Amino acid sequence: MAVRQIKQQSLVQKAADELARLIGDGEWPVGTKIPNEQDLSTLLGVGRSTGREAVRALIASGQLYSHQGSGTYVMSSTPVTELERELKRSDRREVYEVRRLLEVEAGRLAAMRRTSADVDLLQAALEARENASTPTEFVDADIKLHRAVVNAAHNSVLSMVFDSFIETLRNSALDVITDVTARNPESIDDEAAAHRDLVEAIVAGDADAASAATRRNMDGLD
């Protein structure tokens with residue numbers, strides 16, 4: 001029987017794990033500049049080369065990024081998956097094509113599976129979307145509504161895949177909503193009506209109407 005010997009975890013890995021813990025616990029929120037190499041090594045109680053390699057490990061995982069001449073900053077509170085990296089590199093249209101596939105089915109399933117708790121969350125999210133007073137509030141409320149629809153489908157894999165899209169969707173939505181040339185009052189009204197129709201269809205348990213309302217909403221994003 002071939003048994004592999006268990007190797008002691010390297011000091012670099014231990015240092016990287018501690019950095020990841022600090023970031024995950026919110027000691028250094030996303031966007032924060034972390035201490036310089038010397039201060040960081042002192043903080044961790046390791047040599048500068050070990051601290052440097054630990055930082056490189058978290059840059060490789062997508063949690064940190066280095067800005068030449070400025071320093072190293074927190075990019076993500078958790079390691080970034082390969083899917084999330086691909087989403088960051090992908091064309092916005094490609095992302096929305098996949099989103100359309102996911103959300104049309106999510107709307108249909110939500111209408112069939114929603115609970116009373118789901119209905120309360122959907123209606124609250126719709127109200128927050130309609131009452132948002134700033135672009136950031138609007139985008140956050142919009143994403144919260146779509147996430148509530150996906151969660152109401154009660155498919156854990158679907159929810160997990162949608163969650164991987166959230167950062168990309170939020171950034172794209174902020175770009176669109178702040179570009180006044182990309183939106184007009186008529187399209188805004190149509191989009192609002194589609195969201196109301198979607199929630200009403202899910203509440204009523206009408207799967208076909210929920211799918212149709214989602215398609216209308218997604219078509220408005222092209």
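Mentor: Let's start with burial: a residue is buried under 20% relative accessible area, exposed over 50%, and partly exposed in between, using a 1.4 Å probe and protein chains only. The model here is predicted, so local features need pLDDT of at least 70 and side-chain atom pairs pLDDT 80 or more, while totals for chains, interfaces and linings use all residues. Residues are numbered from 1 along each chain as its sequence is written, and side-chain values use heavy atoms, leaving out hydrogens and water.

Trainee: How does Tyr-65 count on that scale, and why?

Mentor: Tyr-65 has 32% relative accessibility, so Tyr-65 counts as partly exposed. Tyr-73, with a relative accessible area of 16%, is buried.

Trainee: How many aromatic pairs does a search of the whole structure find?

Mentor: First, the rule: rings of Phe, Tyr and Trp (its six-membered ring) pair if their centres lie within 6.5 Å; planes under 30 degrees apart count as stacked, over 60 as edge-to-face and the rest as tilted. The search finds one pair. Its rings belong to Tyr-65 and Tyr-73, with centres 5.6 Å apart and planes at 25°, so the pair is stacked.

Trainee: What is the angle between helix 5 and helix 10?

Mentor: In general, two packed helices are described by the angle between their axes and the distance between the axes. Helices (H or I, at least four residues) are DSSP runs, numbered from the N terminus. Axes are lines fitted to C-alpha atoms over the stretch in contact, and angles run from 0 to 180 degrees between N-to-C directions. Helix 5 (residues 92–113) and helix 10 (residues 207–219) pack at about 150°, their axes 8 Å apart. Angles under 35 degrees count as roughly parallel, over 145 as roughly antiparallel, 65 to 115 as roughly perpendicular and the rest as oblique. Helix 5 and helix 10 are therefore roughly antiparallel.

Trainee: Are helix 2 and helix 3 roughly parallel or roughly perpendicular?

Mentor: Helix 2 (residues 37–44) and helix 3 (residues 48–60) pack at an angle of about 100°, with axes 8 Å apart. They are therefore roughly perpendicular to each other. Contact means heavy atoms within 4.5 Å, and here Glu-37, Gln-38, Leu-40 and Ser-41 of helix 2 touch Arg-48, Gly-51, Arg-52 and Val-55 of helix 3.

Trainee: Is Ala-148 buried or exposed?

Mentor: Ala-148, found in helix 7, is buried, with a relative accessible area of 12%. Other buried residues of helix 7 include Phe-138, Leu-145 and Val-149. Ala-148 and Leu-126 are 22 residues apart in sequence, and their C-alpha atoms are 9.8 Å apart in space.

Notes:
Helix = DSSP H or I, 4+ residues; strand = E, 2+ residues; numbered from the N terminus.
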